[in-house]
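Let's take a walk through a protein model together. Keep the structure open beside you and look up each part as we come to it.

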Amino acid sequence: MIKDKETVTPRKEMADYLSPMARGIKPSGIRRFFDLVSARKDVITLGVGEPDFTTPWHVREAAVYSLETGKTQYTSNAGMPELRGAIGQYLNDQFAVEYNPADEILVTVGGSEAIDLALRALITPGDEILIPEPCYISYSPITTLSGGVAVGIETFAKDNFKLKAESLQAAITPRSKVLILCYPSNPTGGIMTYEDWLPIAKIVEENDLIVISDEIYAELTYGSKHVSFAAVPGMKDRTILVSGFSKAFAMTGWRMGYACGHTDLIAAMLKIHQYTVMCAPVMGQYAALEALSPHGLEEKDRMMESYNQRRRLVVKGFREIGLDCHEPEGAFYAFPSIQSTGLTSEQFAQRLLEEANVAAVPGGVFGLGGEGHLRCSYATSVAQLTEALDRIGNFVAKVKQGS
Amino acid sequence: MNELQLKVLELLKEDARRDAELIATMLDRSIEEIKQVIAELESDHIIVKYATVVNWSKVDDEKVTALIEVQITPERGRGFEGIAERIYLYPEVKSVYLMSGAYDLLVEIEGKKLERGCLVRIE
Ligand SMILES: Cc1ncc(COP(=O)(O)O)c(C=O)c1O
């Protein structure tokens, strides 16, 4: 029996108790960088991947009303039937993909949980998971935690960071099992059109791959409308479509996302979801339902227009400064090249913060092909963007003059 | 009112100092076109003027703004108008709204601190 207050020294270093997988994953490079930022004053940050809008009032009000009327219980594990119905209808209207709300749609705690569930449901230890990079930072660590092996596939600015069939083909081995796609892309803003998808779909088919398609930025395309990978002929049953309310509906803090796919895959994910979180938060589900109402969709369109206006401003700004910036056609990030300054992305971001008080994420943290770039979120006010571009312009001029 | 005009108005309403070049970039139009739109909005008096939003309490902490609810008896033949006109002739009165509900006019006034006595006397 251990007596009260008596301390017992563990026999090993605490870290030695951790699993090799937990020890092996690196802390988020974005977080590490932003700990530096929070220590400074007057910093303009283009760092966070988050809308600058507050969730529209009618959506917040729906959650408040749900509380007032005592809707505080667990919902069905897969999410409220009304919400699954609304998601099915929405996906069909917007992206022409059809899912049965009864057994092909699962409401999750953010797109994040959907990605985790999909990988856990699919990976047998040793499976290779193909991940086009630069990409969102969670895919590779979650793959590792599930016992998979993350295989990066580099994409390039010269291709507007599209995934090319040759690169995908070259990465495939007999152990390849899953391909993770994220278009519109965080961090590059790259998109894939229907024509871009066709050769990818062919390789997926030939190699019997399963695809996790993270389409959380689907609503944020400027120019051509988003084409879901699940809408490419033959791909629906091979695809787990992941999305959520965080980005397009300005609902990051609510933690509302979903996964759609073949009933057998969704059923397996639902099992894991049941044991780990039971169900997504009920107030969030009521809010999400309201977000998909005609009024909610109107608000979403208003926000999209505003991102597009700021996108044009930022791209032009970078080009005037003399940084190559491919046209980001989706999401809310610009990913200019900083190679002409002769600095690495880490050095550039560090000095930009210290000497110009602007924070942005060094491209290197996003994996292969990210080095030499800077991720700048333009989901911030026009006044801040204008000021940030001024500061970056002065900084780049100074660096190029060699001081 | 077309869509372009509306977008220009929205951008100017957020910040009247945005110039035609910035707006042209944000809306993917030519500078000339935006200048033209703004000129039209001005000449049609849709844009009435460009004013500055001042935080007067930082300039002069004696200054106060108050909203006063006023009940009046309409005058024969002129309704509320005559009295409303009389009220807004006072320089301290910034605006007068005709209200529906428990009272008739809502008067916004601005002046020195209330301790100095009544700002406006309404007969
Ligand atoms: C590509 C991508 N997928 C998923 C997520 C996670 O979003 P959620 O808030 O729905 O978990 C993010 C958030 O940054 C993202 O950029």
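## Chain B and its two domains

This is a predicted model, and we'll start with chain B. Chain B splits into two domains: domain 1 covers 3–43 and domain 2 covers 58–116. How far apart do the C-alpha centres of these two domains of chain B lie? The answer is 35 Å.

## A covered strand in chain A

Now hop over to chain A and find strand S6, residues 210–214. Are its residues buried or exposed? Five of the five residues in S6(A) are buried, which leaves the strand mostly covered.

S6(A) has a strand partner in S5(A), which is made of residues 176–181. S5(A) and S6(A) pair in the parallel sense, over four bridges. To find your place in this pairing, look for Val178(A), which stands opposite Ile210(A) of S6(A). To get from S5(A) to S6(A), the chain crosses through helix H8 of chain A, residues 194–206, and this β-α-β crossover is right-handed.

S6(A) also pairs with strand S7 of chain A, residues 239–244. Again the sense is parallel and there are four bridges. Here the spot to look for is Val211(A), which stands opposite Thr239(A) in S7(A).

## The largest pocket

Time to look for empty space. Rolling a probe the size of a water molecule over the atoms shows where it is left. The largest pocket has a volume of about 570 Å³. Its lining is built from 26 residues, and those nearest the centre are Arg31(A), Gly49(A), Tyr136(A), Asn186(A) and Lys247(A). Sorted by class, the lining of this pocket holds eleven nonpolar, nine polar and six charged residues.

Which helix gives the most to this lining? That would be H5(A), with four residues. Helix H2 (29–38) and helix H5 (110–122) of chain A each supply at least two residues of the pocket lining. And why does the largest pocket lie between two domains? Domain 1 (14–54 + 297–400) and domain 2 (57–296) of chain A both give residues to its lining, so the pocket lies between them.

## Two cavities

How many cavities of 30 Å³ or more does a search of the whole structure find? It finds two. The largest cavity has a volume of about 120 Å³. Of its 17 lining residues, Tyr90(A), Glu215(A), Ala218(A), Ser243(A) and Tyr258(A) lie nearest the centre. Helix H4 (81–95) of chain A supplies at least two residues of this lining, and so does S7 of chain A. By class, the lining of the largest cavity has twelve nonpolar, three polar and two charged residues.

The second largest cavity holds about 80 Å³ of space. It is lined by 15 residues, and Pro132(A), Pro134(A), Cys135(A), Cys182(A) and Tyr183(A) lie nearest its centre. Strand S3 (128–133) and S5 of chain A each supply at least two residues of the lining of this cavity, and S3(A) gives the largest share, with three. Here the classes come to ten nonpolar, four polar and one charged.

Technical notes. Residues are numbered from 1 along each chain as its sequence is written. Chains are lettered from A and ligands numbered from 1 in the order in which they are written. This is a predicted model: local features need pLDDT of at least 70, side-chain atom pairs count only at pLDDT 80 or more; totals for chains, interfaces and linings use all residues. Side-chain values use heavy atoms; hydrogens and water are left out. Buried means under 20% relative accessible area, exposed over 50%, partly exposed in between (1.4 Å probe, protein chains only). Two strands pair if DSSP finds at least two bridges between them. A crossover is right-handed if, with the strands pointing away from the viewer, the path from the first strand over the helix to the second runs clockwise. On a 1 Å grid over the protein atoms alone, a cavity is a set of points where a 1.4 Å probe fits but cannot get out, and a pocket is an open set with protein on both sides within 12 Å along at least five of seven lines; lining residues have an atom within 4 Å of a point. Grid points are joined across faces, edges and corners, and a volume is the space filled by probe spheres set on the points. Ala, Val, Leu, Ile, Met, Phe, Trp, Tyr, Cys and Pro count as nonpolar, Asp, Glu, Lys and Arg as charged, and the others, Gly among them, as polar. Domain bounds come from an automatic or database domain assignment.
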